[in-house]
Amino acid sequence: MRFDEWSSYEETLTTTGGNGSSPPSKGLQTLPRPVAAVVGGGGVFGAAQVGVGYALERHGFVPDLIVGTSVGALNGAIVAAHPGTAASWLDHVWTKLRRRDVFPFGYAYSQVSVFADRGLRRLIARAGLPSRIEELPIPFTAVAMDLVTGAQALLDDGELESALLASAAIPGVLPPVLREGRMLVDGGVIAFVPVRAARQAGAASVVVLPTGPASWPVRPTIPRRRAGAIAGRAGLLMWHHQIERDLHEVSEHIPTVVLPTGIEAWPSPWDFGHSGRLISTASAAAGRFLDQLQISGPGLYRAEDPPRATATPSLSEVGR
């Protein structure tokens, strides 16, 4: 079902309050259509997206299109397949997930990556997804990067599994994906929070599901004098600057809502043992924010006093 077919069904959901829970948020209800849900990358930080998803479902929000990068593409595809009811299923998956399920040490794929993508393939297979992107009830785009040209690749039709694998193919960690003659890797390299891709896809407003400590002002910190800590700090700053640049660029033209998580202490992106805490904290914080949200035209709408990041992802922590 594409956007024009989806519109009449979505209007019915909006009128009835989605899945029969809370009435739609007045702020969300006034966003110009079509509204895109933008779901970024970040490993275990995707659990916070599930908590925000709970808050959105309680407020009767169903997007007109979904654009996702990396883990956000997988979460986003599941939401696109099960609009209005995906959060509880994702909650069950995330709270049971362990690092070895996605990054199984001891099973090197080849010279091109540290791990095989067999764990990710199993997750996709269990998600109840259709085989092709066009079969999703909500229009969906997975964002990847063309490793040859460096161009952004917007995957909005064709085989769904290869699109999700490509969007999540962390360079050197998971294998690149050959899709329609292109070698594709993780979209987070070029669009960690793909708001520009959402606008390019025709969104008149966007709702951004936040992504880890890089989404907020980064506290000045001297990293430990270790290669992993230095690389992790540099990566955090790189993603933060990319996110801020893209948010401000898009918000000059359309309403851009960034939902808070309330999370002050972030785990390593490879540590899946904190998913329950991330989900519950983000659900409460996003719900409070949505209760007060008011839209008054193009601009950046987010919490005035976001929590500071208290953890810098370290590449050295992958091997723990």
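Which residues are buried in helix 4? They are Val 71, Gly 72, Ala 73, Leu 74, Asn 75, Gly 76, Ala 77, Ile 78, Ala 80 and Ala 81. This is a predicted model.

Helix 4 covers residues 71-81. Of its 11 residues, 10 are buried, so the helix is largely enclosed by the rest of the structure. Asn 75 is one of these buried residues. The side chain of Asn 75 makes a polar contact with the side chain of Gln 49, at 2.9 Å. Gln 49 belongs to helix 3. Gln 49 has 3% relative accessibility, which is under the 20% cut-off, so Gln 49 counts as buried.

**Helix 3 against helix 5**

Helix 3 spans residues 46-58, and helix 5 spans residues 86-96. The two helices pack with their axes 9 Å apart, at an angle of about 155°. That angle makes helix 3 roughly antiparallel to helix 5. The crossing of helix 3 past helix 5 is left-handed.

From helix 3, the contact draws on Gly 46, Ala 47, Val 50, Gly 53, Tyr 54 and Glu 57. Helix 5 contributes Ala 86, Ala 87, Ser 88, Leu 90, Asp 91 and Trp 94. By class, this contact has 7 nonpolar, 3 polar and 2 charged residues.

**Backbone in the loops**

Most residues other than glycine have a negative phi, and most peptide bonds are trans.

The peptide bond from Arg 33 to Pro 34 is cis, and its omega is near -5°. Pro 34 sits in the loop between helix 2 (26-29) and strand 1 (35-39).

Ser 70 and Glu 180 concern phi instead. Phi of Ser 70 is positive, in a residue other than glycine. Glu 180 also is a residue other than glycine with a positive phi. The table sets out their values.

| Residue | Phi | Relative accessibility |
|---|---|---|
| Ser 70 | Ser 70: near 60° | Ser 70: 9% |
| Glu 180 | Glu 180: near 50° | Glu 180: 59% |

Where does Ser 70 lie? Ser 70 is in the loop between strand 2 (65-69) and helix 4. At 9% relative accessibility, Ser 70 counts as buried.

Is Glu 180 buried or exposed? Glu 180 counts as exposed, because its relative accessibility is 59%. Its loop runs between strand 5 (177-179) and strand 6 (182-186).

How values were computed:
Residues are numbered from 1 along each chain as its sequence is written. This is a predicted model: local features need pLDDT of at least 70, side-chain atom pairs count only at pLDDT 80 or more; totals for chains, interfaces and linings use all residues. Side-chain values use heavy atoms; hydrogens and water are left out. Axes are lines fitted to C-alpha atoms, for helices over the stretch in contact, and angles run from 0 to 180 degrees between N-to-C directions. Helices (H or I, at least four residues) and strands (E, at least two) are DSSP runs, numbered from the N terminus. Angles under 35 degrees count as roughly parallel, over 145 as roughly antiparallel, 65 to 115 as roughly perpendicular and the rest as oblique. A crossing is left-handed if the near helix is turned anticlockwise from the far one by less than a right angle, and right-handed if clockwise. Contact means heavy atoms within 4.5 Å. Ala, Val, Leu, Ile, Met, Phe, Trp, Tyr, Cys and Pro count as nonpolar, Asp, Glu, Lys and Arg as charged, and the others, Gly among them, as polar. Buried means under 20% relative accessible area, exposed over 50%, partly exposed in between (1.4 Å probe, protein chains only). A polar contact is a pair of N or O atoms within 3.5 Å; within protein, one must be able to donate a hydrogen and the other to accept it, and residues adjacent in sequence count only if both atoms are side-chain atoms.
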